[in-house]
Amino acid sequence: MNRSTLSLLAAATALAAVTGFAAVSAPGTGDTTATTKTPARLPVERTSLLCPAPSTSELAETVYTSFTPAGTQGAGTGGAAELAPSVAPLDDATTTDDEKKDDKKDEEKTGDKAEDDGAKDPATDGADAKAKPFLALKEPGKPVSGTKNAADAPALVGTATGRLAPGWTTQQTTTVTAGDARALFGMTCTAPDTDFWFPGASTDKARQDYVHLTNPDDTAAVADVALYGKDGTLKSDTGEGIPVPARSSVPVLLSTLTTEAAPDVTVHVSTRTGRVGAVVNAADEKAGGDWLTASTDPAPSLVLPGIPADATSVRLVVFAPGEDDAELKVRLAGESGTIVPATASEPLNVKSGMTASLDLGDVTKGEAGSVLLDPAEGAGATPVVAALRVVRGKGADQEVAFIPAAGPVTERSTAADNRAKGSTLSLAAPGGTGKVKVTASAGSGGGEQAVKTYTVKAGTTQAVTPPVPAGLKGSYALTVEPESGGPVYAARTLAVTQDGVPMFTVQTLPDDRGMVSVPATKEDLSVLK
């Protein structure tokens, strides 16, 4: 094997450990001098997360919770995991749990002020400015949380390295108690990427939907935002070439990109240069709002887990991004088995490049459930993306949340910011029976972890009250790991009742990608003689 091949293998191994799977083959013809073995599974060494600006309401209170699961084999020692404002340091409305212990004055002064430690002024130095970290995780297995009470909370960008990188997650939960934005907005902060699909958005007059584009890097990114309604592309003159400055966040009101008011819209975000984190903040003037995160990659079969048992309205939104139409059968996996809802007795037709929707009503009938999408009998396997709009409550006491299609938990997944009351874990096994282990971490302020296993029967969804750490103080994280059987899909619902309004938010738990495949080779060094 020549020197260039050795260098290429080293580079690929390093790339895989940071970003994901990388595969390398030895060049040349004739006798093979490098035989590829089964790729090794190794923990990632570096990962990034982006949290959008949470709210513009003066009544907003946002809690950030950061966590890395303990016990990742091969993770080593050392490392850091920090989140900092994307542009400017936070003002003195910021507090952390550790500071609350050490400083009783926090009741009057809610913040750790960003001191002038020689960092450049963000107002004058732009992307070169380095803001003081807002939230710093110290060790795996114990979450850390911080609170921001203001309408000017900035977007956060962060990086985890070393033993804190594998499975690092951050939950952003915002409570707005009154006004048009009254809601519980929750989301798992996202990793940067170059392509996102958001079925379930809207440009209707009753909605105020913003797509937030956050750039974690030191160079500018350029993004395109395309909108698709029931008849295809919505005309837009301003959705292309949107600049996202370095280490900055740009919110874009969807209704300003088109003159067409559409109740069901699919948003496609792609980048021409650079990468961004993208998420949609959806607000309904009658039903509160929540974050809409991206659907999993387009696929012929999808699972949308975690519909609450008391949902009063469920609406399915599907988009076919390819050149072929899709014909889908829609089923519901509930606590007792899988059924075809009465409102989905006929296949759902989804035209290429168009958004289709189906009103499922109060489909759960008092049982938690998950929607399953598969090609209809005799139909082709056309990739689609999908999301659910879910409503709890009635009349003036309605609250909305969104559930995008998600992937299964293949190795591990975590939901942070669970409280002593209000958390529900939904586990769906659309294929064979699956068994998972659920670990409740120590609390951010104290407590001992708790572990419990669950067996989910084939074709069902099981909604459970998750274990709570003994002696819990603060919030805690839930980590799901498969043990045996078929694939399991998971979602966490966090519910808070405010003045009679059943506010809630749902986060799906796709795999945390804390482990990556690194190619292993058997080298014949005789060629170097």
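R392 is buried, with a relative accessible area of 12%; here buried stands for under 20% relative accessible area, exposed for over 50%, and partly exposed for values in between (1.4 Å probe, protein chains only). The model is a predicted one, in which local features need pLDDT of at least 70 and side-chain atom pairs count only at pLDDT 80 or more, while totals for chains, interfaces and linings use all residues. Residues are numbered from 1 along each chain as its sequence is written, and side-chain values use heavy atoms, with hydrogens and water left out.

R392 forms a salt bridge with D310, the closest N and O atoms being 2.9 Å apart; a salt bridge requires a side-chain nitrogen of Lys or Arg within 4 Å of a carboxyl oxygen of Asp or Glu. This pair links distant parts of the chain, since D310 sits in the loop between β21 (302-307) and β22 and R392 in strand β28 (residues 385-392), 82 residues apart. Helices (H or I, at least four residues) and strands (E, at least two) are DSSP runs, numbered from the N terminus. D310 is partly exposed, at a relative accessible area of 42%.

The salt-bridge rule gives a count of 16. Another of these bridges brings together the side chains of R315 and D264 (2.9 Å, N to O). Distant parts of the chain are again linked: R315 belongs to strand β22 (residues 311-319) and D264 to the loop between β17 and β18 (265-273), 51 residues apart. R315 is partly exposed at 25% relative accessibility, whereas D264 is buried at 13%. In the salt bridge of D209 with R207 (2.7 Å, N to O), D209 is buried at a relative accessible area of 2%, and R207 is buried at 6%.

Turning to the chain as a whole, the protein has three helices and 41 strands. Of its 529 residues, 52% are buried. With a contact taken as heavy atoms within 4.5 Å, residues 24 or more positions apart supply 81% of the contacts with a separation of 6 or more. The chain exposes about 22,700 Å², and carbon and sulfur atoms supply 49% of that area; the Shrake-Rupley method with a 1.4 Å probe was used, and for residues only the protein chains shown count as cover.

The second largest pocket holds about 480 Å³ of space. On a 1 Å grid over the protein atoms alone, a pocket is an open set of points with protein on both sides within 12 Å along at least five of seven lines, and lining residues have an atom within 4 Å of a point. Its lining comprises 24 residues, with S55, T56, Y210, N281 and A283 nearest the centre. The elements giving two or more residues to this lining are β13 (207-214), β17 (249-253) and β19 (277-284); β13 gives the most, with four residues. The lining divides into twelve nonpolar, seven polar and five charged residues.

D417, with phi near 60°, is found in strand β30 (residues 413-418) and is buried at 1% relative accessibility. D499 has a phi of about 55° and lies in the loop between β38 (489-498) and β39 (501-508), where D499 is exposed at 67% relative accessibility.

Terms used. 1 Å grid on protein atoms, 1.4 Å probe; cavity = no way out; pocket = protein on both sides within 12 Å on 5 of 7 lines; lining within 4 Å. Points joined across faces, edges and corners; volume = space filled by probe spheres on them. Nonpolar A, V, L, I, M, F, W, Y, C, P; charged D, E, K, R; others polar.
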